[in-house]
Amino acid sequence: MKKYIYIVFSFLLALVVFGIYSEPNNDKIASQPQASSPQSILVSIYKDVQWGANVQKHWTILTTDINNVSNAANNSDYAELAACTQYTINHTEKAIEENDQYKVSPQLQEAQKEWRMALQDYNSAGKFLFQVTNETKSVNERFVNFKHAATLSNSGTSHLKRMSESLKINLPLNLNSTF
C-alpha cells in the first residue's frame with residue numbers, strides 16, 4: 001500500500017514540477033508576468049509533499065481503524081466495535097483538522113477536497129456505526145440478561161424440585177421455567 005502512495009505522490013510531484021516549467025501555449029498567458037519565482041515554486045512543492053505525508057500518516061491510521069472495526073464486527077464483539085468506531089471518529093476528526101491547515105498547489109486542491117470529503121464520510125460512517133453499535137450492544141445486553149434470567153429461573157425450578165423431594169412433599173411445579 002505504501003508503494004502505491006509513493007508512486008501517486010511522485011506522479012503528483014512530477015505533474016506539479018512539469019506543469020510549472022512547461023511552456024504556455026497561449027500568447028495571452030505568455031505575455032502575463034510570471035509571479036512564481038523558483039523559491040515560491042519550491043515552497044509550493046514542499047507544502048504539497050508535506051500534505052502528502054500527512055495524508056499517508058492518516059491513511060495508515062484509518063486503515064488500521066477500518067480493519068479493527070471489521071474484525072470486531074465479524075466477531076460480534078460489540079464493546080470492541082464501539083471502541084474501534086470511536087477511534088475512527090477521533091482519528092478522522094484529527095485528520096480533517098490537520099488537512100484544513102494545508103494550502104496546497106492548485107494541482108492538488110481537487111485531491112485535497114476529495115480527501116477531506118472521504119474523511120468526512122468515514123467520520124459520519126463511524127458516528128452512525130457507533131450509534132448502531134450502542135443500540136446493538138444494548139439489545140445484546142438485554143438478550144444476555146434474558147438468557148441469564150432464564151438460566152436462573154430454571155435453576156430456581158430445579159432447587160424447588162429438590163426441596164420438594166427432600167421434604168417429601170408434592171409441590172405443584174407446573175411453572176413455566178422460561179420468561
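Predicted model: local features only at pLDDT ≥ 70, side-chain atom pairs only at ≥ 80, totals over all residues.
Glu98 sits in helix H4, which covers residues 78–99. Is Glu98 buried or exposed? With a relative accessible area of 12%, Glu98 is buried, because the cut-off for that word is under 20%.

Which residues does Glu98 touch, once those up to four places away in sequence are set aside? They are Asn54, Lys57 and His58. With Asn54, the side chain of Glu98 makes a polar contact of 2.6 Å.

Now for the charged partners. Glu98 and Lys57 form a salt bridge through their side chains, with an N to O distance of 3.1 Å. Lys57 belongs to helix H3 (residues 38–74) and Glu98 to helix H4, so this pair ties together parts that are 41 residues apart in sequence.

The two partners can also be compared by their accessibility. Glu98 counts as buried at 12%, whereas Lys57 counts as partly exposed at 41% relative accessibility.

## A bridge within one helix

Glu98 has another salt bridge, this time with Lys94, where the N to O distance is 3.4 Å. Both residues lie in helix H4, four residues apart, so about one helical turn separates them. Lys94 has a relative accessibility of 42% and therefore counts as partly exposed.

## Another pair: Arg116 and Asp100

Arg116 forms a salt bridge with Asp100, and their closest N and O atoms are 2.7 Å apart. Where do the two residues of this pair lie? Arg116 is in helix H5 (residues 106–167), while Asp100 is in the loop between H4 and H5. The pair links distant parts of the chain, 16 residues apart.

How accessible are these two? Arg116 is partly exposed, with a relative accessible area of 26%. Asp100 is partly exposed as well, at 44% relative accessibility.

## The overall count

Notes. Residues numbered from 1 in each chain as written. Heavy atoms only, no water. Buried < 20%, exposed > 50% of the residue type's maximum accessible area, 1.4 Å probe, protein only. Polar contact = N/O pair within 3.5 Å; in protein donor to acceptor, adjacent residues only side chain to side chain. Contact = heavy atoms within 4.5 Å. Salt bridge = Lys/Arg side-chain N within 4 Å of Asp/Glu carboxyl O.
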